[in-house]
Amino acid sequence: MNSHVLIAGAGIGGLTAALSLHAAGIDATVVDSVREIRPLGVGINIQPQAVGVLTELGLGDALAALAIPTAEHRYADPRGEPIFTDARGHARGYRWPQYSVHRGELQMLLLDAVRERLGAGAVRTGVRVERFVQSEEEVRVRVTDRATDGASVLSAGLLVGADGLHSTVRAALHPEQGPLLWSGVRMWRGVLETERFLTGRSAAIATDDPRRDGRHGAQFLAYPISRPADDRGRSLLNWVALVTEAEPGPLDPAAADWNAPARPEDVLPHFEGWRIGGRLVHDLVTGSALLLRYPMVDRDPLPRWGEGRVTLLGDAAHPMYPVGANGATQAIIDAGVLAGHLAVAADPRVALTAYETERREATARIVEASRRMHESAHSGEGAIDAITSAFRTATGG
């Protein structure tokens, strides 16, 4: 019987899955349609439970050398007046820290570990998954080499779709899945190096009251993401701006581009006079060499993820709003749980069923909790501390 696992997608979830499977003694290969994996993106947060997964994979020291162990979230109004502070990670009593890190640097850390442990050929780039068929014994996956347009068929015991928001594997399993769902919020993100931000371990969140003057709600977040910059007495600062532009509704997938460039003048009119962490928002936005825009989207939870020898992982399984910083976290946890079930089950199909049973309802709750937290924060309903407390209860974060 073919016991090899083919993973579609070399993002954080797919690479962590490869490492987790290798640690469990299971062979894996990762394919990705991009021709070269580069350290793209901006900052993300990794919650303590996911940090535990990466630490158990032997990556704790390498991660600590890259990332900032965030100790607090400071909530304030647009003038910078404090509302309350929420302890995070070790400061909240968790066994592992919460880390803020550059997404691309974390991805490259995982990629290097996969190639070192599984071999240089364990990650194949420029390989696009087209479709698949499965039998009692294996999955046959038709792929296209983007450099030559040549087609071939890869055989594996299992196929894991970790291919993100626009997942080909998910679309094949769930042609009735429905559209992407836009919250109505436009997001902008940027990165710049500054003098040390607050304590160097602080994330700051400024929120406007959408009831004031009949305006739409707006929010601005900033947090440091680089340990090397911190070691120099500086902060590599990631910021996120969120503005409600429209009513929630379906979105054309072509509009969900995570690397679409933006201009400061697109952002600044929404945050005139705002301050965060003692800094003018204007200065953070105009000082950023990289500025990206994209819509805040998710999908309705699926009634099931996979079928037979095929399953989903990460954003392909449960895309969620970036509220509470759970996207990468849940993908990493998925990977650990998947490998754990495959390590002990005699029949890999039974393992995939057990994996889905453990993870599908849990992640569906987080999708719904993210929606509720977003709606509350942007409607002026309830205190922010009550909202974050309820979200933490739902997510365990």
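1. A crossing is left-handed if the near helix is turned anticlockwise from the far one by less than a right angle, and right-handed if clockwise. In these terms, helix α1 passes helix α4 in a left-handed crossing. The model under discussion is a predicted one.

2. Two packed helices are described by the angle between their axes and the distance between the axes. For α1 (residues 12-23) and α4 (residues 103-118), the angle is about 30° and the axes lie 9 Å apart. Since angles under 35 degrees count as roughly parallel, α1 is therefore roughly parallel to α4.

3. Which residues of α1 meet α4? On the α1 side they are Ile12, Leu15, Thr16, Ala18, Leu19 and His22. Their counterparts in α4 are Arg103, Leu106, Gln107, Leu110, Leu111, Ala113, Val114, Arg117 and Leu118. By class, this contact of α1 with α4 comprises ten nonpolar, three polar and two charged residues.

4. The crossing of α2 and α9 is left-handed.

5. The contact between α2 and α9 involves Gln49, Ala50, Val53 and Leu54 from α2, and Thr329, Ile332, Ile333 and Gly336 from α9. Five of the residues in the contact of α2 with α9 are nonpolar and three are polar, with no charged residues.

6. Backbone geometry is the next topic. Most residues other than glycine have a negative phi. Asp149 has a positive phi, near 65°, and is a residue other than glycine. Where does Asp149 lie? Asp149 is in the loop between β10 (139-145) and β11 (151-156). With a relative accessible area of 61%, Asp149 is exposed, the threshold for that class being over 50%.

7. Leu198 likewise deserves a comment on its backbone. Its phi is positive, at about 50°, although Leu198 is not a glycine. The loop that holds Leu198 runs between β13 (180-195) and β14 (202-207). Is Leu198 buried, partly exposed or exposed? Its relative accessibility is 29%, so Leu198 counts as partly exposed; the class spans values between 20% and 50%.

8. To restate the main points, the crossing of α1 with α4 is left-handed, and so is the crossing of α2 with α9. The positive phi values discussed belong to Asp149 and to Leu198.

Definitions and conventions:
Residues numbered from 1 in each chain as written. Predicted model: local features only at pLDDT ≥ 70, side-chain atom pairs only at ≥ 80, totals over all residues. Heavy atoms only, no water. Helix = DSSP H or I, 4+ residues; strand = E, 2+ residues; numbered from the N terminus. Contact = heavy atoms within 4.5 Å. Nonpolar A, V, L, I, M, F, W, Y, C, P; charged D, E, K, R; others polar. Buried < 20%, exposed > 50% of the residue type's maximum accessible area, 1.4 Å probe, protein only. Axes fitted to C-alpha atoms, helices over the stretch in contact; angles between N-to-C directions. Parallel < 35°, antiparallel > 145°, perpendicular 65-115°, else oblique.
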